[in-house]
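I set out to look up charged pairs and strand pairings in this structure. My entries follow in the order in which I made them.

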Amino acid sequence: MRFARHWRRSTAPAALLVFFASAEFTVAHAQQPAAGSATKQLGTADLKAWKSIRQSALSNDGTWFAYVVAPNDGDAMVVVRSTAADGKELKFPVGEIPSGAGGRGGAAGGDANATLAISGDSHWVAFTIYPAASAGRTNAGRGGRGGGRQGAPTQAAPTATAQNKLGLVNLATGEKKEFDRIRRFAFNGDKPTWIAMQSYADVPTDTAAARGGRGAGATGRPEGTDLILYRLATGEAVNVGNVAEFGFDDAGDWLAYTIDARDQIGNGVQLRNMRTDVVRAIDSDRALYRHLVWADSGRGIAVLRGRADSTAGDTLYSVLAITSFNGHTPKKTVFDPSQHTDFSSAMKVAVERAPKFSEDLSTIFFGIREAKRSDRTLAGRASSVIQAGAPGMGGTINQPRVNEAQEENPSLILWHGKDPRLQSQQIVQEAQDRAFNYLSEYRIPDNKFVRLSDDALRTVNLVGHDHFAYGIDTREYDQPMSYNGRRYEDVYGVDLATGERKPLLKKHIASQLLASPNGKNILYWGDDAQWWVVDVASGQKRELTKGVPTVFADTSDDHNNLVTPPVAPVGWSKDGNAVLLSDAFDVWKVPVNGGPAINLTVDGKKNQIRYQRLYAFERAGRSGAVPAGRGGRGGNGLVDGIDLGQPLYFATYGEWTKKEGLSKVDPSKPGAERLVWDDAKLAYQKAKDGDVYLYTKQTANDFPNYFVASADLKSGRQITDVNPQQRDFAWTSGVKLINYTSAKGDKLQGALYLPANYQPGKKYPLLVTIYEKRSNLAHTYVTPNETSTPNRSIYTSRGYAVLDPDIVYRVNDPGMSAVWCVIPAVKAAIATGIIDSANVGLWGHSWGGYQTAFLVTQTNIFKSAIAGAPLTDMVSMYSSIYWNTGGADQAIFESSQGRFKGNYADNYDAYIRNSPNFHAKNVKTPLIILANDKDGAVDFNQGITYFNTLRQMNKDVILLEYVGENHGLARPINMKDYAMRQKDWFDHYLKGAPAPEWMTNGIPRIKMDEYWQSLKAQQAIVP
């Protein structure tokens, strides 16, 4: 269940609904089988060895491309190759990438979080080397499909035997050097002369204590470790001890770092000139130094300095700002709250928020919070029996051990009807609540402290390069929002000089607020389904789009909306005089200060081509991500606006063809020049300083390999070939687009993936996989592996056809909507002559699981089905908890994926009409239900309820419960087991394979150990 958007009963429940559809299909990318086509099947070893590209980096000049290629199971490889036609290539083993690792790739000038980087001058490549798989895994396994992130096993902390290394390669010579025990690294600027490498601590760091958290004071373990500075030209190495944080300025001329030593002796901030090697101690004290950041301009450093206060039993922080490095003595400004009468003695500077310079360096922004924290005695909270997540088996089962001798507090959770947020949500959000702080500022020239946020306005956003700000207040709407999902907000302009607030929008239906580049205006979606702007300083409002001959509302959104939501805006023009808006097909330039709107792309709606993502090629290498050690703004890469004096490049998508491409638009001359248009899924990037473009191209048949192209972008040369062995295996013969009409008259499509070695005239078993709209997946490549289920590539390889149909919805009928859309899709697929109508299976998970569970109550068209984590009783589910977030499911039903009007008490028939459990007597399709006891999205009892109902009626039903698992499976052995059972299930019912014992008679609990041993002996499950 996506459950960021949410989920209905039949007026004639005993009657099975049947719909007919005329079949029409087009070939999107279908390969006809050649004589001697491969028939080899994918075995366990093949699945483990199948590779994917985990991360990549393109050099600034575009001459080098580096990427990490890793198998599903085993050691990875860094490949560095020239983008020139000579194809010079270097390969280096880098061990097994742990779950959750990977970091970022890119040309790293000062990004110490990158794990793969090409130096800005294209002379060097650096990468993290992990322990080899043969050294023993330290990770808990990779997460799989189905949203298994919640509740996944905790990754073990690094140990002395599982520490990473750094590989550094000279691209001119190919020589590689390795450095042991390196956890992060960074080059100094775009023309680096040094690389900085930070080692691991000898003793694991108590992070919470070291950061001056609850009562830690001066007793926390030091965070400082060795920082090795390696001169690239000579190999000279300089070791700086006890470094906690470091960062280079953009030019790479300066290195700033904090010292965090045992007993805090020698702690401080130091600045090293990387050209002269002169080191200056900017500040030194027996104190903690945290959150060292450079200003975006590289002309200033800010850091928090904390001293233990024995009287307060806390660590109290000041804010240091350092500027003017090039002079003999850098200028240092200190904001010490104790020296300011305008700073409340009840508050303190919050260590949880990094400080940030304004663009002109005149102001430092930081967070404040209560000085005396009520939770000081709760430092040992980690052992509490009160934990976030789905209860599953409660009572004393599945609970942490409690030491009663330590006089633990009662395990009471007190739920109150007046709580703005449910207690379950407060538990999930407890860590961020404890870290919450209020944005404030210190205006250096005025020596003035200004508090910008408080309990009345908790969220304040800086815009326009810190010249303006706006805040959002939701207090009045929080409680009703928790059960109806209607997000309202009051928006205020905030004067940065005084902190004063001016009302801008009252009870605004929450949507994207997009500030102009100078911050003076904010674009917002009005309750009249039109775009407006509001002046942040004056509050004056102007409607922009009324009278424009198109609709900017997303009319395809079929949720129970009060106001149709907008199509996401493209952005502001650089000069702030216009906004670029999308009507879902075309992009319009709409003036802010009056004048006619101009359709820049012209043919989108006419030809049913969507002009989607705007590629900011002129900002190549500046995607908006902020490197570590920066106090930057982040954003979507368009914070400075769109330069309408330059060509615009848009990704394009054919609504009915599924083709993708790239088009060029001259803003001064409306109309799009089509550069690329192909039956494939495409994604582009450009070298920062050169006319070298990379793109990936994928289809259902083709792995998303990389291609290099010149400025015309019309032809590309392939430079990666990640899985050449695919040609040896049976693979899908392509995908056909099936056009069909729903029972309610909606024009829809489905993607029908052909079985390997498809032969016209032969009929094949069909597996239907459902979850709202899926035809857009027609050109996606699915990497075969043992843990994603059901894996399309594996099923088509084994002779199945697979159908991904579209489902659209009617409010109050989410279940019936699936019936009205899916059955016609299946009939349309059958009408192609490809499908064996007697052997059609159905699978869905979460929201798709619900639709699967409901469909089998309304039709017998499916021979077997699997419903993963299904909702089955909409009445009981309505007031349940979405434990992964702690919020009530009520909001999901009313304003998100559920698509119901109101609650079940006021809309009873609709809820019953769409609940699978109330129509269980109609089920004739053999059904597997997946329901996990720790499911934090769909209550475990939903699966159990349906199972018991079907069991009592003597239906053919099996329930799979993986103990301790959340909404999706996280443990690899469980993923593999589930995949095996899906294979057994569909092979038996759709291909006539013998049914194993677990399907025919089940396995008694007392014989499970014996059963597991037999499976291992057969190698049916390989951990």
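**Entry 1: a pair within one helix**

I began with helix H14 (residues 972-991), where aspartate 977 and arginine 981 are four residues apart and therefore separated by about one helical turn. I note that the model is a predicted one. The side chains of aspartate 977 and arginine 981 meet in a salt bridge, with 2.7 Å from N to O. I checked accessibility next and found both aspartate 977 and arginine 981 buried.

**Entry 2: pairs between separate parts of the chain**

I then turned to aspartate 813 and arginine 913, whose side chains form a salt bridge at 2.9 Å, N to O. This pair links distant parts of the chain, 100 residues apart: aspartate 813 is in the loop between strand S50 (801-805) and helix H8 (814-831), and arginine 913 is in helix H12 (residues 908-913). I recorded both aspartate 813 and arginine 913 as buried.

I also noted a network of salt bridges that links Lys48, Asp73, Glu786 and Lys976.

**Entry 3: an open sheet**

I traced an open sheet of four strands, ordered S39-S40-S41-S42, with antiparallel pairing. Strand S39 (609-615) and strand S42 (669-678) are the edge strands, each pairing on one side only. On average, neighbouring strands of this sheet are turned by 30° against each other, direction ignored. Within the sheet I examined strand S40 (residues 648-654) and strand S41 (residues 660-666), which pair in the antiparallel sense over six bridges. Tyrosine 649 stands opposite lysine 664 of S41.

**Entry 4: a hairpin**

Last, I looked up strand S27 (residues 459-463) and strand S28 (residues 468-473), an antiparallel pair with five bridges. Threonine 459 faces isoleucine 472 of S28 as its opposite residue. Which residue of this hairpin takes a positive phi? I found that glycine 464 does, near 60°, in a hairpin with four residues between the strands.

Technical notes. Residues numbered from 1 in each chain as written. Predicted model: local features only at pLDDT ≥ 70, side-chain atom pairs only at ≥ 80, totals over all residues. Heavy atoms only, no water. Pairing = 2+ DSSP bridges. Helix = DSSP H or I, 4+ residues; strand = E, 2+ residues; numbered from the N terminus. Salt bridge = Lys/Arg side-chain N within 4 Å of Asp/Glu carboxyl O. Buried < 20%, exposed > 50% of the residue type's maximum accessible area, 1.4 Å probe, protein only. Axes fitted to C-alpha atoms, helices over the stretch in contact; angles between N-to-C directions.
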